[in-house]
Number of protein chains: 2
Amino acid sequence: MGSNPMGLIVALDSPDRGFEGLVEDLCGVVDGFKLGLPLLMGRGPGYAAELRSRCREGIWIADLKLADIGHVMKLTTSLVVDHVDAVIAHGFVGVKGALGELKEFLESRGRKLIVVASMSHPGAEEVYDKALPLILDAIEELGPWGVVAPATRPHVTTSIRERLGPRVAIVSPGVGAQGAEPGAALCAGADYEIVGRLIVSSPDPRSAALAVREAQRRRLASCGRG
Amino acid sequence: MGSNPMGLIVALDSPDRGFEGLVEDLCGVVDGFKLGLPLLMGRGPGYAAELRSRCREGIWIADLKLADIGHVMKLTTSLVVDHVDAVIAHGFVGVKGALGELKEFLESRGRKLIVVASMSHPGAEEVYDKALPLILDAIEELGPWGVVAPATRPHVTTSIRERLGPRVAIVSPGVGAQGAEPGAALCAGADYEIVGRLIVSSPDPRSAALAVREAQRRRLASCGRG
């Protein structure tokens, strides 16, 4: 993971607009795309294949935020598994009868599991953060390819990196509209920052993405990871 | 809630089959239908309207198991809000910037919020159950119409009922394929039991539902709630 300290993934969430042109504009400029549940439910899971046909590079992630029993998570995942590289599920549902079954299913299809360890909004402090040690126990037992940790609270990301070591990929949402500055999560130990509205709602998404890249570069230089 | 100690809701999850005939068969026999995320993503959110046109009574629940920031949960919910009475989200994500925004949105559309307080699979003991006091703090602050508590672990349901009082509706999954017997969760304080595969995968779903009703009746008589 450390080989790419500049990761930038763009979040596509709204079901109300087509993202074909945006994906073509950003292809090669960013490191991947994260497709949100509203988009995949509103446009249908086949839309992931349609978008991917516009950009065959980078990592494609279905951000289903799965949080159910294994049987149901597998049913949902089977709808998109052929179209993406990775799927996101929540760590708080635990391993037995849930994430363990999902990971086995994804690995059998050559896909990656990314597990939410913490979230980016203020309400994450109410329950999620307090359960973090238990969630990290479950994640350590599970051994997923990646985890989600918030860019908005970099100390949480740093403590997750310290606990899980260098091998797991850390992806960090919360950059831009939610308040975190580009590069802050990378400095805290993340591999990829996820940016949604700041790029997607820009009149010129390609320039916005390049500006985020430049801001990441400056921030990384200042924290010594650049 | 106490006026109907016999609630039975049928879970429809699989995107691989049509449920139109099943809904017609079960209409009037059960108290409602819970539509799972795999079904709503695989068939499209409009399928909720199609199914509901086959049975205009009972409660219709979109079991999206939402667990995201408020902005994204509202985008997802807006896809089904016209077709259902209630939507399920996870208590784990907290109130601020998450469930608070979702509840406000649902109430503005005259719809109910049901919050997962605990789950029915073995992995729920790893994190979810240990965070239960914090989750119940968030639920108490939020004041949703209903909560989800597991039929498979009735003592959890009982403690949730004791903590939240008589006004909140408790819906309990885990009956049948997951191991809980019909009526056990009702005896523990639930208002509705959710049954999926035991009825849906039966060669005669209507008879299976009537058998569940009869088993609930016997169990309730034995625990003094009948």
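Predicted model: local features only at pLDDT ≥ 70, side-chain atom pairs only at ≥ 80, totals over all residues.
In which handedness of crossing does α6(A) pass α7(A)? The crossing is right-handed.

## Helices α6 and α7 in chain A

Helix α6 covers residues 132-142 of chain A, and helix α7 covers residues 154-164 of chain A. Their axes come within 11 Å and cross at roughly 40 degrees. An angle counts as roughly parallel under 35 degrees and as roughly perpendicular from 65 to 115.

Sorted by class, the contact of α6(A) with α7(A) has seven nonpolar residues, one polar residue and three charged ones.

## Helices α5 and α6 in chain A

Helix α6(A) has another partner to look at. Helix α5, residues 95-108 of chain A, has an axis that comes within 11 Å of that of α6(A), and the two cross at roughly 45 degrees. That angle makes α5(A) oblique to α6(A). In what sense does α5(A) pass α6(A), left-handed or right-handed? The crossing is right-handed.

On the α5(A) side, the contact is made by Val95(A), Leu99(A), Gly100(A) and Lys103(A). On the α6(A) side, Ala138(A), Glu141(A) and Leu142(A) take part. By class, there are four nonpolar, one polar and two charged residues in the contact of α5(A) with α6(A).

## The helix pair in chain B

Chain B has a pair of helices to examine too. Helix α6 of chain B (residues 132-142) and helix α7 of chain B (residues 154-164) have axes that come within 11 Å and cross at roughly 40 degrees. Therefore α6(B) and α7(B) are oblique to each other, and α6(B) passes α7(B) in a right-handed crossing. Among the residues that meet here are Leu132(B) and Pro133(B) in α6(B), and Val156(B) and Ser159(B) in α7(B). The contact of α6(B) with α7(B) divides into seven nonpolar, one polar and three charged residues.

Here are the helix pairs side by side:

| Helix pair | Axes come within | Crossing angle |
|---|---|---|
| α6(A) and α7(A) | 11 Å | roughly 40 degrees |
| α5(A) and α6(A) | 11 Å | roughly 45 degrees |
| α6(B) and α7(B) | 11 Å | roughly 40 degrees |

## How the two chains are related

## What the record says

An unreviewed UniProt entry annotates residues 7-212 of chain A as "domain: Orotidine 5'-phosphate decarboxylase". Over residues 7-212, chain A is 39% helix and 21% strand. The end C-alpha atoms of this stretch are 11 Å apart.

Definitions and conventions. Residues numbered from 1 in each chain as written. Chains lettered and ligands numbered in written order. Heavy atoms only, no water. Axes fitted to C-alpha atoms, helices over the stretch in contact; angles between N-to-C directions. Helix = DSSP H or I, 4+ residues; strand = E, 2+ residues; numbered from the N terminus. Left-handed = near helix turned anticlockwise from the far one by under 90°. Nonpolar A, V, L, I, M, F, W, Y, C, P; charged D, E, K, R; others polar. UniProt positions renumbered as here; feature names shortened; annotations may be inferred. Parallel < 35°, antiparallel > 145°, perpendicular 65-115°, else oblique. Contact = heavy atoms within 4.5 Å.
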